[in-house]
Amino acid sequence: MKPTTFREITGNSKGYYILLALLGLTIAAGLGSAWYMEHNGHWVTGMNNQIIWGMPHVFAVFLIVAASGALNVASMSSVFGKTSYKPLAPLSGLMAITLLTGGLMVLVLDLGRPDRLIVAMTTYNFKSIFAWNMILYNGFFLIVGVYLWTMMQRNLNKYSKTAGFFAFLWRLALTTGTGSIFGFIVARQFYDAAIMAPMFIVMSFAFGLAFFLIFLLATYQWTGREIGCYLINRLQKLLGLFVAAVLLFVVTFHLTNLYATQHHGVEDFILSGDNIYSGLFWVGYILLGTIFPLIICYAPAFRASMGWTTAAAILVIAGGLSQMYIIIIGGQAFPMDLFPGKEVSSSFYDGVIVTYSPTAPEVMLGLGGVALAFAATLFAVKILRFLPLSLADAKINPHHSVQG
Amino acid sequence: MSNEQQTHSKNKTQDNTQDNNKIDNYRRKLLGGSAALAGAAALGPGVFFTSIARAKPDAEPASSEVRWGFLIDTNKCVDNCDKCVTACNDEFNLTGFGRPETDAQWIRTVTLRDKKTGHTTKLPLMCQHCAHPPCVDVCPTGASFKRPDGIVLVDKHTCIGCRYCMIACPYKARSFVHETIENQKEYGPRGKGTVESCTLCVHRVDKGEIPACAEACPEKAILFGNMNDANSDIARRMASTASTEIRGDLRLDLGVRYQGI
Amino acid sequence: MKAKRNIQRFGLVALVFTLFSFEAVADVPVPDIPEAIKGEQCVEEIGFMRRNHMELLSHQRDDTLRKGIRTQKHSLKNCFTCHVVKGTDNQPVTVKDPRHFCRECHDYAAVQVDCFQCHTSVPGGAKTTGTRP
C-alpha cells in the first residue's frame, strides 16, 4: 500500500473565508453571551436553583463526549488494525482536540466564577469525579497531541501505534468519567446508574463519528478532493453500528428503570409525560436520531451517498442533543423523592415538576462552543497537512489491506 | 422584648464578664463531666433554648468530639408559621430580589400530605449537615467541606460555581447566588457565582449561642445541641423518643433528625 | 565598535529615563492611608503588614473557616474596622468609595482584590434587613 499524501487545503476561496467569518461571529456571540451571564449573574439565564445545569451543559457535555468519540476513527486503525481508516487518523485526532476545546470553553464560561479556573486546576478533591475529569481532559490534550505528532512527523511514525493505543485507553477513561458525573449522583432518580458510564462511551462513538463525517464530507465536497464509495460506505455502516449500539444501551437503561416500581414515576415522566422530554425522546432521539439514520446507513438506496451520509450524521447529532437534554434537564426537572408516599409542597418547588426555559445567551454560548470546534478544525487543515489529497478507492486500496 | 431574648442578652453579658468561667465550663465539658450542664442550668430556666452550655474559646479549633445537630419535633410545627425561615433570612439578609426561582433559601417549610391517609405534616428543611455529605464528595476543588464538629460549609474562596454539589445534594439544601449581593452581614459573606447553604449559624455556635432558626421558633420545635454528648438535652431526647432521618436509606448519617414523620 | 556604540546609546537612554522618572516621582500622588481610629499600633509592625498582610489574611481565613478558630487579630474585619473611613453622612464608606482603607493602596498599586465580592467592607456589615440595594 502506497503511503498517503497529505496536503493542506488551499483555503483562499471566498467560501472559505465566509464560512470562517460566520463561525467567528458565532464564537463572538458565544463569548458575548458568557460575559452577559457573568456580569449580571445567572438569574438572566433560564437556569435557577431547581434547574441547576442548563443549555450550556447540554452543549458542553455533548461536545466533550463527541470529542472522545471523534478519536475513534484513528483508534480503528491504530488499535484495531483497520488500515483503510489510517488516512483519516490525523483529522480524527485533530477533531478530538478541537471538539474538546469547544466543550470546555462552554463548560468553563458557564461557571459561577470562571476567573477562578486556576483554582480548579490547582486544588483537587480526589474523591470528586469532576476533579478527575479535569485531569482527564488536560491529559487528553497532551496524549492526543503527542499521538498527532507521531503521525505527522515521519521519523516518529513508528511510535504512532503505541501513542494511538494510549490515546484510546485515555479516551475510554475520559468518557467513563463524563458519564460518571451523572452515574455517581445518588440523590436523583434519573441518575445514580452505573450504566451511564458505558452508555456515554457508546454515545461518544456515534456523536464523534457524526461530527467527523460532517466535516470530512463537506471539506472533500468543497475542495473537490476525491473520496471513494468504499470509504463512505464503510463509514456509513460504522455510524449505523454505533447508533444501534446506543439504542441498545438506552433500551436497557429504561427497561431496568421500568422494572423497579420506585422508578416508574420518573420513567412515566420522561417517556410518556405531557412535556418536552417525551417529545424529545420519541421524535428527537428515537425517530430522528435513531430510526432515520439507521435507514440511511443500511438501506441500499442510500448506499455510499455523500449527501445522505451527511444527513444521517446531522440527524445523529440532533438525536444526541435531544438525549443530552433529556438526561441533563429532564433528570433535574423531575422532583427528588425526599418523602416516599407523600405529596410534598413548599416555597422551594419541592415535589413539583419544574420547567426550564432556556434563554438566548445560554444557547448562543453552546453554539459558540460548536463554532469554535469547527473553526479551529477548519483553520488547522489549512495550515497543517491533516487531510489526504485523495481518498479515492484506489488510494485506500481495500483489496490489499489487512482488514477482513 | 421577649423572654428568650432577655435571657439571651443576659447570658451574653455573663459570657463577657466571666470569661474564665466559660473556659472552665468548656474544660469540664471536654472531660466528659456533667458539671457544665449544672452550670448552665444555674443560669436559669429556658436557658437551653438560647445558649449552649459549651462555648468554645476563640483560639481553640472546632473539635471532632462534638457533633452539632438539630432535633426537630414536627408535631410542634404550626401551620402558617414561618418564623424560623424569617429569622434565617434576617440573620443573613437572604430575602430576595422577588425572583423565587433564583432567590436563595437556606431553610424552607415543607408540607407533606400522605397520599393514602391525607394526614399532613409540616416541617422546616435545611442543610442536613451529613456526616458523609455528597456535596463534599463531588466538589472538585474541596470548597465544600465538613468541619470537625460536623458543620458542612462552603469555602467561597475556592468555590468555582460549578454547582455540582447542588446536583448531588439529596435535600435541595443549596442555593446558587444568581446576582450581585451588596448587603452582606459581617459574619455572613455571600457573593455572586458561588454556592451557599445553611451554615448551622456557625458564627453563633462558635460563640456559644444557638442558631437563629432554633432561637426564633415560638414552639421550641427545633432543638439544637451536641449529639455526641450523652448528657445534652438533644442526645437525651433522641434516646428517649423516636426520631428519623430524611432519606435515611442513603446512610448519610445526618446532623438533623425529625420526630413525627 | 558597533557594540560599543550601542552600549553608549543605551546608557544615554537609561540616563534620560532615570532623570525623567525622578522628576515624575515628585508628582505621583501617594496613597493617603486612613489612620486607625484607635490610634494605636497596628496588629503587627507596619512594614511587615505592608509586605505580608495578604499572607496573614489568607492564613486567618483558612483557620477561621476551616478550623473554627475565631481569634480576630489578623482578620479582614479588623482592617477596615480600625481604619474606618467616614463619609459626609458620618457613615463608614464602603469599598465602592475610593477613600476606603483597602482601596487607597490597592488602587495605587493596581492590585485587584475580590474579598468584597462576598465580604462586607464596612464595620458591622449591612445594617438593613430584608431590603436589597
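B:Phe70 stands opposite B:Val256 in β9(B). The model is a predicted one. The strand β1 of chain B covers residues 68-73, and β1 pairs with β9(B) in the parallel sense over four bridges. In general, the strands of a sheet pair through backbone hydrogen bonds, in either a parallel or an antiparallel sense.

In chain B, three strands make up an open sheet with the order β8-β1-β9 and mixed pairing. Its edge strands are β8 (222-226) and β9 (256-259) of chain B, each of which pairs on one side only. From one strand to the next, the twist averages 20 degrees. Helix α9 of chain B, residues 233-240, lies across β1, β8 and β9 of chain B and runs at about 110 degrees to β8(B).

Chain A has a nonpolar patch on the surface, formed by A:Trp282, A:Val283, A:Leu287, A:Ile291, A:Phe292 and A:Ile295, with about 510 Å² of accessible area together. A:Ile295 is placed in helix α11 (residues 276-298) of chain A.

In chain C, C:Phe101 is found in helix α4 (residues 101-109). C:Phe101 touches C:Ile33, C:Pro34, C:Cys79, C:His83 and C:Val85, leaving aside residues up to four places away in sequence. The C-alpha atoms of C:Phe101 and C:Thr81 are separated by 9.6 Å, and these residues are 20 residues apart along the chain.

The table lists the accessibility of two residues.

| Residue | Relative accessible area | Class |
|---|---|---|
| A:Ile295 | 41% | partly exposed |
| C:Phe101 | 18% | buried |

C:Phe101 counts as buried because its relative accessibility of 18% is under the 20% cut-off.

Conventions: Residues are numbered from 1 along each chain as its sequence is written. Chains are lettered from A and ligands numbered from 1 in the order in which they are written. This is a predicted model: local features need pLDDT of at least 70, side-chain atom pairs count only at pLDDT 80 or more; totals for chains, interfaces and linings use all residues. Side-chain values use heavy atoms; hydrogens and water are left out. Two strands pair if DSSP finds at least two bridges between them. Helices (H or I, at least four residues) and strands (E, at least two) are DSSP runs, numbered from the N terminus. Axes are lines fitted to C-alpha atoms, for helices over the stretch in contact, and angles run from 0 to 180 degrees between N-to-C directions. Contact means heavy atoms within 4.5 Å. Patches are made of residues with over 30% relative accessible area and no salt bridge: like charges are joined within 9 Å, nonpolar side chains (Val, Leu, Ile, Met, Phe, Trp, Tyr) within 5 Å. Accessible areas come from the Shrake-Rupley method with a 1.4 Å probe; for residues, only the protein chains shown count as cover. A salt bridge is a side-chain nitrogen of Lys or Arg within 4 Å of a carboxyl oxygen of Asp or Glu. Buried means under 20% relative accessible area, exposed over 50%, partly exposed in between (1.4 Å probe, protein chains only).
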